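Please consult the sequence and the model shown here while reading.

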Amino acid sequence: MKKFITTISLQGNDLNPMYYNAMDNESLICNKKIAFPILATINNFVSKNEKIIIVPVIIKGKIDGEVSNKNYELFLEELEEMKNDIGFEYDLLPVYKNGDETVDTQIKLFSKLIGVVEKDDELFACLTYGTKPIPIIINMALNYAYKVKENVEIKKVVYGARPWNAPPGSDIGEIYDVTPLFYIDSAINSLAKLKLTNPEDALRAMLGVEG
């Protein structure tokens, strides 16, 4: 089943829907204003009458939790609108994270994320929002699922950015396909075991990129 993992933003009043320009992959083009870049993958990789699962990471805390809950409502509004436009169905599997950043909290989040992945899943993930450790934990969970779970595919990993030089009130963002970075990370252990003279050249050849 297709599963879409994203983190609910902790941004306050500046979390505004934007048109996200697909910077390096046309399969992420989305001609709708969205606040959550994961919706660009849903827009392009989900068909009418298809059933998918959404895995939102929601941060709990006295202050952060209030912001996260408000933005979760916005996320659900955008998701529901896209569902009605395309005609797909979805189930929600929210994952809750405590507001602190202790190692114990991060390990619990990792455990919860790998717990939602099952045999034959196709995974899509967004690394845009959340505290700094969260994208690391999501990437760890993707790596675990890819290497340990049976027949799991990592289809897309994306990152949405607001251009640093954008004027105030700009509604133009950028979305990047960072899936190759996931596969670089996944390949490093294999390359290290081969003890190649020029592992960088081998990695570029695997990815089809020039030096």
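The sections below describe aromatic pairs and then cysteines in a predicted model.

## Aromatic pairs

The structure holds 10 aromatic pairs. One of them joins Phe36 and Phe75 in an edge-to-face arrangement, with 5.1 Å centre to centre and 70 degrees between the planes. Phe36 lies in the loop between strand E2 (19-22) and helix H1 (38-45), whereas Phe75 belongs to helix H2 (residues 64-86), so this pair ties together parts that are 39 residues apart in sequence. Both Phe36 and Phe75 are buried. Ring pairs also link Phe36 and Phe75 with Tyr72 and Tyr129 into a cluster.

Another pair is formed by Tyr146 and Tyr183: the ring centres are 5.5 Å apart and the planes stand at 85 degrees, so this pair is edge-to-face. Tyr146 is in helix H4 (residues 133-148) and Tyr183 in helix H5 (residues 179-194), so that distant parts of the chain, 37 residues apart, are linked. Tyr146 is partly exposed, with a relative accessible area of 33%, and Tyr183 is partly exposed at 28%.

## Cysteines

The structure holds 0 disulfides. The cysteine sulfur closest to that of Cys30 is in Cys126, at 12 Å, which is too far for a bond; a disulfide requires the sulfur atoms to lie within 2.5 Å. Cys126 is accordingly in no disulfide.

Cys30 is buried, with a relative accessible area of 4%. Cys126 also counts as buried, at 1% relative accessibility.

Terms used: Residues are numbered from 1 along each chain as its sequence is written. This is a predicted model: local features need pLDDT of at least 70, side-chain atom pairs count only at pLDDT 80 or more; totals for chains, interfaces and linings use all residues. Side-chain values use heavy atoms; hydrogens and water are left out. Rings of Phe, Tyr and Trp (its six-membered ring) pair if their centres lie within 6.5 Å; planes under 30 degrees apart count as stacked, over 60 as edge-to-face and the rest as tilted. Helices (H or I, at least four residues) and strands (E, at least two) are DSSP runs, numbered from the N terminus. Buried means under 20% relative accessible area, exposed over 50%, partly exposed in between (1.4 Å probe, protein chains only).
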